[in-house]
Amino acid sequence: MKKIAIIGAGPYGLIVLDQLVKQVPTTSEIKLLIFDPNGPGGKVWRKNQTNQVIMNTVMQHVTLFSEDDGPNFAEWNQREARNYLKKVNLIADFLPELALGVNDYCQRRYYSVYQNWFFEQIKKTAPKNVQIELITEKVSSVKLQKDQIILQTTNSFRVDDVILATGQSQNELQQAEQENHQFAQEHGLFYQGPGNPADTDLTRLNPKGAILIRGLGLSFFDYLALLVNHWKGSFIEDGGHLIYQKTGKEQPVIVGSGRGIPYHARPNNQKRPGEEAQPQILTPEFMETFEGDVQTFVKLVRKEAELAYYHQKLKSVVQINLADFLTAYRLGDSEDVLERYKIPKSQRLDWQLLLDPAKEVEPEQFSTFIQDYLRKDIKAAEQGNQTGAVGAAIDTYKELQDPWNWMLDHQKFTSKDLFEEFFGSFDREYSFLTIGAPVIRQKQLLALTEAGIITFLAPQMTVGKTDSHFTAYSKQKPDECYKGTNLIEARLPATSLEKTLNPVFIQMREAGYLTPHNLYFEGKDHFTGALKVKRETHQIIDQEKHVLQHVYCYGIPLEGLDWLTAASPRPKNSDRIFYLAKNIAQSILK
């Protein structure tokens, strides 16, 4: 009997499990073992975490069913969830979630319940020639022998193939982070390095001083929700505007980052599953002939977003034939078309304003600017991703992932371009524009700022230390320096095979099975953090440059070789996660 092991039972592990079950020949006997100490859902989505952190995708845009042969998350919540929650004695924990609509954002831990149900469905519908076993233990080692692979937990398991779907893991602290950790220990301060905010124990905060937070992305918004809960604070709504109700337990919070601006709020969703933006320029025919670099490709993706923007922005302008304008814009030079149609500067999409809103702001004016900026960003997000011009542009920019993946798969960019421009400049730009928090979080941030609890530093935040405190200031305004007894790095650990604390990756790296992925240019290797695989099959390449025929990996450990590896798959589209899982299953079962 063939035995296949999957390490990790989060979405990626469950999806490849489902693919294996679907593709097993009826003439073959097979046993599938899936390992995860947290069970289905894995650590990130585990049920026994705080209810304060929420998902970043609306419920109807999440699914685990590759062929849409089962309910997406929102449909499951409407049709199946109540009975299932009763069955597993979780109805009291998740009763509020049952009232959520298709465009709402649920508790992060609720996704784990959907994943558990999905796993049970796989087991229930699996053919008789397929056995499935869940082992809720951590795999500590994977050892390759001539004809088999041995996995070690508290027991040994002999299998034929292994798929690594391990998801996010912690890293060793970098030197500066280790110095901050040591400084905090020596002076009775609190320091939190990069990590999942839901794993942070805020009861250890030093209550006698300010909280300094470096980073304004998704983890930052998680920390805000966790801090409000820690303080027992609350928000009240007044005409769509939130007002923070203080409890007296609050501490000053000083926040900042390199850009100095929080990620754009995610536009309110107005799209049903399957209504993603379709390329008008970056068509399959165009892709076959494109020979440009990353910057040229970015300009074309921006132009796709501009078409969505002007489609909404100019709808009500009766003097313009919209169809003619959009055709001319798609085929012609953007500036020439805008001038020819006499589109005023105030009506044009300003990429600098979107990507670097504070560029022209004087540091002395930043505290006033940031509140106005947040109000404008909230207003734009509330107009939606179809009827709002800015929201439509941002959503188009976000959804046009297939052209990028095609370019990566066909290795159309140089190594230097990939490393510096795509996984460097563009990826940061993409994150800032498209993977922000739901608009409710931006409203909460504004309320906390208006209440005087949060103070924004101008761009170029710098963190330091005095004799007994952490310090933070903007390089643009170094004379305004804040002291804090707490410092939080509000970001997840970067993917890094060399720095990972994942025990099975450490063991496999030291055994020579795993090697860091690199891009070679200018006479030296540049390491991406990912581990090296054969792109076509996602089979591991070892330190002797041999393809390990029976060991596979996909997901977050490949970020830097693959892209957007932490995303959840969407229904009614050819999601890349399903594509990769199908390919891995086909390779194993061929």
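Modeller: Let's settle one word before we start: a residue is buried when its relative accessible area is under 20%. Keep in mind too that this is a predicted model. With that cut-off, four of the five residues of strand 14 (residues 461–465) come out buried, so the strand is largely enclosed by the rest of the structure. Its partner is strand 15 (residues 470–474); the two run antiparallel and are joined by five bridges. To get from strand 14 to strand 15, the chain makes a hairpin through four residues.

Now for the rings you asked about. Searching the whole structure turns up 45 aromatic pairs. Take Phe220 and Phe221: their ring centres are 5.3 Å apart and their planes sit at 70°, so this pair counts as edge-to-face. Phe220 and Phe221 are both buried. Trp404 and Phe426 make another pair, this one tilted, with 4.5 Å from centre to centre and 35° between the planes. That pair links distant parts of the chain, since Trp404 belongs to helix 15 (residues 402–409) and Phe426 to helix 16 (residues 415–434), 22 residues apart. Trp404 and Phe426 are both buried as well.

You can follow those two into a wider group. Ring pairs tie them into a cluster whose members include Phe286, Phe290, Trp351, Tyr397, Phe413, Tyr430 and Trp563.

Arg259 lies over the face of Phe432, 4.0 Å from the ring centre. Lys303 does likewise with Tyr329, at 5.8 Å from the ring centre.

Leaving aside residues up to four places away in sequence, Asp161 touches a set of residues, among them Lys3, Ile4, Ile149, His550, Tyr552 and Ile588. Lys2 is also on that contact list, and a polar contact of 2.8 Å joins the side chains of Asp161 and Lys2. As for Gly41, 120 residues from Asp161 along the chain, the C-alpha atoms of the two are separated by 22 Å.

Notes. Residues numbered from 1 in each chain as written. Predicted model: local features only at pLDDT ≥ 70, side-chain atom pairs only at ≥ 80, totals over all residues. Heavy atoms only, no water. Phe/Tyr/Trp six-rings, centres within 6.5 Å; stacked < 30°, edge-to-face > 60°. Buried < 20%, exposed > 50% of the residue type's maximum accessible area, 1.4 Å probe, protein only. Lys NZ or Arg CZ within 6 Å of the ring centre and 35° of its normal. Pairing = 2+ DSSP bridges. Contact = heavy atoms within 4.5 Å. Polar contact = N/O pair within 3.5 Å; in protein donor to acceptor, adjacent residues only side chain to side chain.
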